[in-house]
Amino acid sequence: MFMVRSLFHLLLSIHYGYGMHVYLYGLNPPQDFIKLRKIGGGPFKYLTFWDMLLQFTYFTIAFLNDIVGSNTTSAKNRVTLQKVRDFLFSTVVFSVGSFVSISFWGLYNIDRNLIFPPVFDSWFPCWLNHNVHTTPLVGVLLELYFVPHIFPKRRAGLGVVAFFSLMYLTWVCVIAYQTQHWVYPILADLPVIGRGIFISLMSVMISLFYILGEVLNKNIWGVELHKKVK
């Protein structure tokens, strides 16, 4: 299991690292899209890119922890590297990764113009689309299966997720205020009230994914681990 877990972490780290490199330097969009991508901090205006950074950071730390850290289910016996690994995964990595995949493909199947118009297909390769929007969910579910994680108390975990969501949504609103451009087409199409409702629902959805991760971790690895966490 050690070899499987370590190889999995290494492959995901390379996968996201290469994906980010292509995302930043390997695309050749039309001139209109080049101007659009530069608005609001370039790729840093997209939650998908924030998630790529999170996933790359997490799986790199997880691999290093496999080599020089600890993999104990006792909160008291963990080294610092495992504490960082468990904290990242249990809060933002699982919830944001799940949210990015499910919200993207949900909106894509309702009306892809709301999130990823067909014109993107000419310059944004299919494999990179799956790297950005499919692998996060697959990766965090496999991670749950391969590795037990010690979750913080629910109130603390939800607080971290809420802070992350607020930070990103504030950034999106600042970009819209300064540039008159909404990061996602669906936000531009909605009226003010509808926009507020949509953003609120998305925030609640991310919080629910945190709880889902906690529940799945408990069910896969047993009640005793869950009790130790509490």
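Analyst: Start with the side chain of Arg 78: one of its polar atoms lies 3.5 Å from the backbone oxygen of Ala 75. This is a predicted model, so treat each distance here as computed from that prediction. The side chain of Arg 78 also has a polar contact with the side chain of Asp 86, at 3.1 Å.

Where does Arg 78 sit? You can find Arg 78 in the loop that runs between α3 (47–68) and α4 (80–111). Is Arg 78 buried or exposed? Arg 78 counts as buried because its relative accessibility is 17%, and the cut-off for buried is under 20%. Now set aside the neighbours within four places in sequence: Arg 78 is then in contact with Ser 70, Thr 72, Lys 83, Asp 86 and Ile 150. Asp 86 therefore turns up both in this list of contacts and, at 17% relative accessibility for Arg 78, as the partner in the 3.1 Å polar contact.

For a contrast, look at another loop residue, Gln 180. Gln 180 is found between α7 (154–179) and α8 (185–189). Gln 180 is exposed, with a relative accessible area of 66%, whereas Arg 78 is buried. The backbone of Gln 180 deserves a glance too: phi is positive, about 60 degrees, although Gln 180 is not a glycine.

Methods: Residues are numbered from 1 along each chain as its sequence is written. This is a predicted model: local features need pLDDT of at least 70, side-chain atom pairs count only at pLDDT 80 or more; totals for chains, interfaces and linings use all residues. Side-chain values use heavy atoms; hydrogens and water are left out. Helices (H or I, at least four residues) and strands (E, at least two) are DSSP runs, numbered from the N terminus. Buried means under 20% relative accessible area, exposed over 50%, partly exposed in between (1.4 Å probe, protein chains only). A polar contact is a pair of N or O atoms within 3.5 Å; within protein, one must be able to donate a hydrogen and the other to accept it, and residues adjacent in sequence count only if both atoms are side-chain atoms. Contact means heavy atoms within 4.5 Å.
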